[in-house]
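Here is a short report on a protein model and the molecules it holds. Look at the structure, then read on.

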Amino acid sequence: MTAYPFLFSPLQVGGHQMKNRLIALPVHTGFAYPDGTVSSWLIDFYTRLADSGVAMVVVANTAVSADGVVSKFNLRIDKDKFIPGLSKLAKAIQNKGAIACLQLNHAGRFAKTSRPLLPSAVTSENLSFNVESLKDFMEFFPFEKRFSLTRYLLGQFNKWRQAMTCDDRARVIEDFGLSAARACEAGFDMVELHGANGYLLCQYLSCFTNKIDSGFGGNFHERTTFPLAVIQSVKKNVPKNFPVGYRLIIREWVPQGIDLPEALAFAQVLEKNKIAYLSASAGTYNSIFSPAVLKNMAKTAYLKKDMAKLTAVVGIPTITSGRITTPLMADKLVKEGIADLIGLGRPLRVDPLWVAKAVDKNRKIIQCVNCNWCLKQVVLEQGFACSRWSEELRDRTRLEHQLMTRNYKPLWVICDIDDIYTFRKSLPLLIRAKKKNFFPTVLMLRQALQGRAVDQAQNKFIEWVKDVFDLNGYGDGTVNFVVKEHKGNLEKLVYDEICMGDYGQVFISSNSKEDWRDRLLYKQQGKVLARLCANIRQHKVIVPVDLSPATLLVMIFLRKTLIREKNFNISFVNVLTGKSSPVERQWEKMKKITKLKKNIPLEFIRPANNMGNNMTTNVISALVETIITRKYGTVIMGKRGLSGIKRWLLGSVSSGVLHRLTDQTLFLID
Ligand SMILES: Cc1cc2nc3c(=O)[nH]c(=O)nc-3n(C[C@H](O)[C@H](O)[C@H](O)COP(=O)(O)O)c2cc1C
Ligand code: SF4
């Protein structure tokens, strides 16, 4: 017998049986790839939520149009190409026994796009309110982030001077319909229309943002026209009984904004339009950072009173939200008829064992402390993470998020005959048995009027590379050869090529007479960079690690490349500048995060204690000496051990190593 009989009783919603009254509310993750497709980390995240024991998981904020995304890492459903990934996501949720619901959204004026869509152009009164609320918003962020955020937002406000056109409106209405059809095809059990948080549907309903005189704006009835047209479009595109829920804003907390009476009236309209359930929410970006609203939202079950009224006026299931922190509180809300279902947003993210612990009363739930650190993470486009998670989970999340912006598209740069020789010698490092998605581009630079011997050498090299790829099981067309003539300034030419081709790996051979090569490599950010050197010890690899987040990227790179190769002998070393035990612990943690084998050892080397030098110089000297005396042929290291000001003051280890080594192949992972 459960201690919470109301919470753990089933309920029919939209023709689906909810096994209990607990719903994982939509909370934007920012874990989609930059092109809007589902990432494996996003699937892992939602799988954990589904596995928590809730009855339904609502996947947050999926954009129905390309111009409706809130962030760079927004999940999208505006094209058929998104269906396969979403299908995997729906299955992952259902396999854990939860109903899978997809929230559909268009962010309207809050969209990250060059032409945000607004029901009506912003008025001067509205604009000054926005600028005013920006101050509260900024208070929320660390000082160093405020400048860039303010600049971005003021830039966005500037784009709010034009209303969306009739064509825009018709297109977005259709986008919602087509997206719902895709959600259905992907296997989701339901969709939820995002009518809250100040996004487009909410913008049409609100007098604060909708200043249209008639038609799609004006009186209450007219302001419901757009959301209702969206609902009709969705209904038209999905099977007859496919449930469509609605995220309803019940208080906007801005002047002339949506208030409870209007929200209740709209709820009844939604019920008449066959909406399957109402999930209540309150506040928008314009209000939730104001001190008064923050104070209100800090209370537990802060929507309780309003929810009682909402549940009383409709006959469809309602979901409450807003700091429902304990199972006892949740059970009571259901028992008293305040809401039919309990939405858990942040509380479930802090502790995915929330539901299990409600069953087993001896285990203590980790509480959400309402610090809103997660919201900052999401706004700063760093992906959802919680301040109360273990450091390991936060590091893992940061790493996974960094990996989302990476591509490993390789560019090999060949400028002269010496480079051809180096690349020939280095090929075992660069290509191994057939790998998926490995399509290098070889950029061959020819000087205008160069001799025939060079032409011949280049042509022979092209043939040879093709043969090697062939022998290693790659098909025709794997390597793309780009031949360009130049008249000097190679640095600029190669730099432009890297930018235009959006390469994620850049390999160039070393040449001590041409310092532009090192300069070019060191300028690149967020890439794998290699300066190749034709030495016979390339298979003897040293990986200096400082156990900073950059080390995680190095470990991931190795996991994807050399770590499983028998012909390579890889040693991880750390220049120990303090006690060994914390470093050892961190090493074990990092292996776990990056899924490297547990038995990979870390060797310590001591820095020379040269009092005249700073620590960075001593670390560089110790590394360089080890590399040379032990005859390592390849060095693989992170480029960004230190960040910002520290790097500027102390110099960077990777830059020091780059400049002091001449005979080794050096990989820098940024
Ligand atoms: C970081 C963050 C992201 C959110 N993203 C969404 C979203 O994408 N869609 C939505 O309907 N609500 C979103 N919300 C609102 C939550 O669903 C929820 O209503 C709110 O956090 C209050 O409930 P809670 O106290 O259970 O978290 C978000 C809230 C937070 C903190
Ligand atoms: S970061 Fe803070 S507000 Fe967000 S879920 Fe964690 S404890 Fe709650």
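An oxygen atom of ligand 1 lies 2.7 Å from a polar backbone atom of Pro-26. A polar contact here is a pair of N or O atoms within 3.5 Å.

| Residue | Atom facing a ligand 1 oxygen | Distance |
|---|---|---|
| Pro-26 | polar backbone atom | 2.7 Å |
| Gln-103 | polar side-chain atom | 2.9 Å |
| Gly-345 | backbone N or O atom | 2.8 Å |

Taken alone, ligand 1 exposes 600 Å², and the protein buries 92% of that. These areas come from the Shrake-Rupley method with a 1.4 Å probe.

The model is predicted: local features need pLDDT of at least 70, side-chain atom pairs count only at pLDDT 80 or more, and totals for chains, interfaces and linings use all residues. Residues are numbered from 1 along each chain as written, chains are lettered from A and ligands numbered from 1 in written order, and side-chain values use heavy atoms, without hydrogens and water.

How many residues surround ligand 1? There are 20, counting those with a heavy atom within 4 Å. The closest are Pro-26, Arg-247, Arg-323, Gly-345 and Arg-346. By class, this shell has nine nonpolar, eight polar and three charged residues. Gly counts as polar, Cys and Pro as nonpolar, and Arg as charged. β4 (56-63), α13 and α15 each supply at least two shell residues. Helices (H or I, at least four residues) and strands (E, at least two) are DSSP runs, numbered from the N terminus.

Over residues 7-359 the chain is 42% helix and 14% strand. The end C-alpha atoms of that stretch are 10 Å apart.

Conventions. A polar contact is a pair of N or O atoms within 3.5 Å; within protein, one must be able to donate a hydrogen and the other to accept it, and residues adjacent in sequence count only if both atoms are side-chain atoms.
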